[in-house]
Amino acid sequence: MSASPNICKPTLAIVIPSFNEEEVLPSSNASLTGLLCKMITDNEISEDSYLLYVDDGSRDRTWELIRGYAAESRHVRGLRLAANVGHQNALIAGLSEASADTDAIVTIDADLQDDIEAIPKMVKDFRNGSEIVYGVRENRDSDTRFKRITAQSFYKLMHHLGVKSVYNHADFRLMSTAAVRDFLLYDERNIFIRGIIPGLGRTQSEVRYSRKPRTAGKTKYPLKKMLNFAVDGITSFSVRPVRMVFFLGMAFLLVALGIFIYVIIRHFTGHTNAGWTSLILSIWFCTGVLLISLGIIGEYVGKIYTEVKHRPRYAVRDSINHSNKHNDTPPLRSEYETTRKH
């Protein structure tokens, strides 16, 4: 199916990537199924709408819980990945799976810190013609001071580097199936979804909400993953860091030329330079700059290495309540996964 403006009762899929979420899934599933049933009853969405849980290689009872929910309701489906491939790839797996038989897809994290009451508003915007609806946080009061400062700095840096992104938006959004298919054509492995979606050229709108604190379990984005995510986002969309290295090198050449002129003048005026401290400091400083520069260049070389191997993003181990419907477009899923159905 393809989405169209003012569609009366769109078929909606809510994709929920899950990694070791056995503590939050019972309450999250109850909330989401309740919302889905209410929206179906109110004729906001089709009765063929469903939840799609994507188990990203969990090591706890997450998949067992998903199987139980799918056995209890035809509105619940499950997709189990063979290994932990990361949040972004799990999202892509869910989007690819759900794009076969829906009009619109909402993505939301399993902890439901994003307000599910924003979903009906997203669907309303979709029915009014928006093909991408971003869930945007009103504020970051639920974050620690450190996370708030680093997040705001990240968005500002991305803006200065020329990357299109929506401020205070994570991966809580609605996309039409047509927009999803456009997105799935982006085949790079070092993917930064938040930077690609705004550039798809589809009609867009925003729904604002207040983010809730996590009620159980642990965050799946500790500091290390946050830093890796930020580096991926910057280097996937901008070559400006490499250009900065070039201009930094030029600046150092000018400084070196100035020092050379200074030394020549001091020599012919009969002054001597002790130079021990300045020499050692210069060596350490220049070495540090060189290593940082090589590190930036190495990051890009590493991404080239990953891309040229062209390995699949993920492999599917199992699926539950999988739809047999297929759309008229080429089967994008076949490029990325190996499926074993039961």
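Arg-67 lies in helix α2, where helices (H or I, at least four residues) and strands (E, at least two) are DSSP runs, numbered from the N terminus. The model is predicted: local features need pLDDT of at least 70, side-chain atom pairs count only at pLDDT 80 or more, and totals for chains, interfaces and linings use all residues. Residues are numbered from 1 along each chain as its sequence is written, and side-chain values use heavy atoms, with hydrogens and water left out.

Arg-67 has a relative accessible area of 43% and is therefore partly exposed; buried means under 20% relative accessible area, exposed over 50%, and partly exposed in between (1.4 Å probe, protein chains only). Apart from its neighbours within four places in sequence, Arg-67 is in contact with Asp-318 and Ile-320, contact being heavy atoms within 4.5 Å. Its C-alpha atom is separated by 7.0 Å from that of Gly-78, 11 residues apart along the chain.

**Helices α1 and α2**

Two packed helices are described by the angle between their axes and the distance between the axes. The axes of α1 (residues 25-41) and α2 (residues 62-72) come within 11 Å and cross at roughly 30 degrees. That makes α1 roughly parallel to α2, a term for angles under 35 degrees, with over 145 counted as roughly antiparallel, 65 to 115 as roughly perpendicular and the rest as oblique. On the α1 side the contact is made by Leu-25, Pro-26 and Asn-29, and on the α2 side by Thr-62, Leu-65, Ile-66 and Tyr-69. Axes here are lines fitted to C-alpha atoms, for helices over the stretch in contact, and angles run from 0 to 180 degrees between N-to-C directions. The crossing of α1 past α2 is right-handed; a crossing is left-handed if the near helix is turned anticlockwise from the far one by less than a right angle, and right-handed if clockwise.

**The sheet**

Strands of a sheet pair through backbone hydrogen bonds, either parallel or antiparallel. Here an open sheet of 8 strands has the order β7-β5-β6-β4-β1-β2-β3-β8, with mixed pairing; two strands pair if DSSP finds at least two bridges between them. Because β7 (204-209) and β8 (316-320) stand at the edges, each with a single partner strand, one side of each is left without a neighbour in the sheet. Neighbouring strands are turned by 20 degrees against each other on average, direction ignored.

| Strand pair | Bridges | A residue and its partner |
|---|---|---|
| β4 (residues 104-107) and β6 | 4 bridges | Thr-107 and Arg-173 |
| β5 (residues 132-137) and β6 | 4 bridges | Val-136 and His-169 |

**Strand β6 and helix α6**

Which part of β6 is covered? Strand β6 (residues 169-176) is mostly covered, with 7 of its 8 residues buried. In helix α6 (residues 177-184), 7 of the 8 residues are buried, so α6 is largely enclosed by the rest of the structure. Those buried residues are Thr-177, Ala-178, Ala-179, Val-180, Arg-181, Phe-183 and Leu-184. They pack against α3 (87-98), β4, β5, β6 and α7 (193-196).

**Helix α10**

Ser-293 is placed in helix α10 (residues 276-309). With a relative accessible area of 11%, Ser-293 is buried. Leaving aside its neighbours within four places in sequence, Ser-293 is in contact with Val-245 and Leu-248.

**The chain as a whole**

The protein chain has 10 helices and 8 strands. Of its 342 residues, 45% count as buried. Among contacts with a separation of 6 or more, 82% are between residues 24 or more positions apart.

The mean pLDDT of the chain is 79, and 70% of its residues reach 70 or more; pLDDT is the predictor's confidence in each residue, from 0 to 100. Over residues 1-6 pLDDT stays under 50, and the model has 20 contacts beyond four places in sequence for them. Over residues 326-342 pLDDT also stays under 50, with 33 such contacts. Where pLDDT is low, the predicted coordinates should not be read in detail.
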